[in-house]
Amino acid sequence: MDFSGNHILTIDQFDRGGVEALFNVADKMVPFANRDRITKVLDGAILGSMFFEASTRTRISFGSAFNLLGGSVRETTGFEHSAIAKGESLYDTARVLSGYSDVIVMRHPENGSVQEFSKASRVPVLNGGDGTNEHPSQALLDLYTIKNELAFRGRGIDRLRIAMVGDLKFGRTVHSLCKLLALFKDIRVVLVSPEELKMPANLVEYLREQDQVVIESDALEESISNVDIVYSTRIQEERFNSQEEADIYRGRFRLNQTIYTANCEPNTVIMHPLPRDSRENARELDEDLNDNPNLAIFRQTDNGILVRMALFALVLDVENEINSSARDTIWYTAGRSL
Ligand code: NCD
């Protein structure tokens with residue numbers, strides 16, 4: 001697949017070679033993300049960061065990734081601060097903002113909106129999450145994390161056994177992750193959700209068409225007993241008609257250290273795209289797991305920087321120039337290490 005100058009809108013664009021190429025570039029970003037080295041390869045370039053929906057890590061990590069490559073970030077957050085609140089169309093907004101930026105990352109509550117925006121954009125657009133549809137950069141950083149966690153255990157991605165737990169209907173991260181896993185071999189996916197929040201049937205079918213094993217369940221404990229990864233998700237309350245409706249499902253599948261010890265194989269990796277809902281009635285991943293070395297959630301967030309740096313480097317075609325402008329860091333770096 002060709003990244004150069006292209007939009008990154010959906011995992012449908014990826015093949016296995018593209019994923020591997022991206023991960024190779026991500027590996028090369030480690031000294032820069034660690035602040036051991038500094039590169040100015042994107043000096044003068046501007047990222048237009050447009051988040052029309054709540055975001056902490058996706059927005060900040062895309063911005064930080066661009067800064068770490070030497071570029072600058074211009075941000076718009078929330079409809080109320082943009083001309084969309086005055087009735088401006090996505091087409092006009094895209095025509096205007098693509099004149100101010102070299103690349104744009106966008107999040108929007110409507111499915112397909114980022115794709116629509118990209119058609120009018122004069123520069124590459126990266127999908128930071130469109131409604132309940134897709135969140136490709138999250139799936140890529142999740143798979144990069146899975147690869148690293150399994151490599152530590154002497155394994156590759158093929159033959160992965162993963163349980164995805166929670167709101168599989170509205171959770172865009174698991175939609176993109178299913179599409180990504182379908183590119184690999186002998187994957188076994190256990191989908192654990194309430195009946196009403198099941199993974200969309202087209203994604204289940206797609207996995208099966210690619211000869212992957214898919215099991216659907218509404219029972220947590222038996223589903224996490226023989227998997228390599230438990231990937232927990234939050235009830236996507238903003239997609240429900242009311243808080244009361246979301247409350248029906250919140251807290252249905254809770255993983256804590258006691259349940260983990262009683263059911264999981266040793267070294268089962270625990271993942272979550274975050275934010276985890278830490279309120280009393282939710283706690284899909286209890287804080288008593290924080291000292292469990294298999295809790296990979298903050299390794300996921302750290303890896304988000306590497307994968308997003310790699311996406312920018314490939315889309316802007318500088319992946320072979322990163323070191324040409326690099327130097328060592330001269331300030332004190334507090335032993336950060338990825
Ligand atoms: C996810 C999202 O926005 O889809 N968050 C993220 O980007 N890491 C998951 C969520 O909000 O539950």
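I counted a salt bridge where a side-chain nitrogen of Lys or Arg lies within 4 Å of a carboxyl oxygen of Asp or Glu. I am working from a predicted model, where local features need pLDDT of at least 70, side-chain atom pairs count only at pLDDT 80 or more, and totals for chains, interfaces and linings use all residues. Residues are numbered from 1 along each chain as its sequence is written, and side-chain values use heavy atoms, with hydrogens and water left out.

Entry 1. I searched the whole structure and found 21 salt bridges. One network of them links Glu237, Asp247, Arg250, Asp277 and Arg279.

Entry 2. I looked up Arg37. Arg37 pairs with Asp328, with 2.9 Å between the closest N and O atoms. Strands (E, at least two residues) and helices (H or I, at least four) are DSSP runs, numbered from the N terminus.

Entry 3. I checked accessibility next. I call a residue buried under 20% relative accessible area, exposed over 50%, and partly exposed in between (1.4 Å probe, protein chains only). Arg37 is partly exposed at 26%. Asp328 is partly exposed at 48%.

Entry 4. Arg161 and Asp228 form a salt bridge, 2.9 Å from N to O. Arg161 is in strand β6 (residues 161-165), and Asp228 is in the loop between α9 (220-223) and β9 (229-232), 67 residues apart. Arg161 is partly exposed at 22%. Asp228 is buried at 7%.

Entry 5. Glu280 meets Arg283 in a salt bridge, 3.4 Å from N to O. Glu280 is exposed at 57%. Arg283 is partly exposed at 27%.
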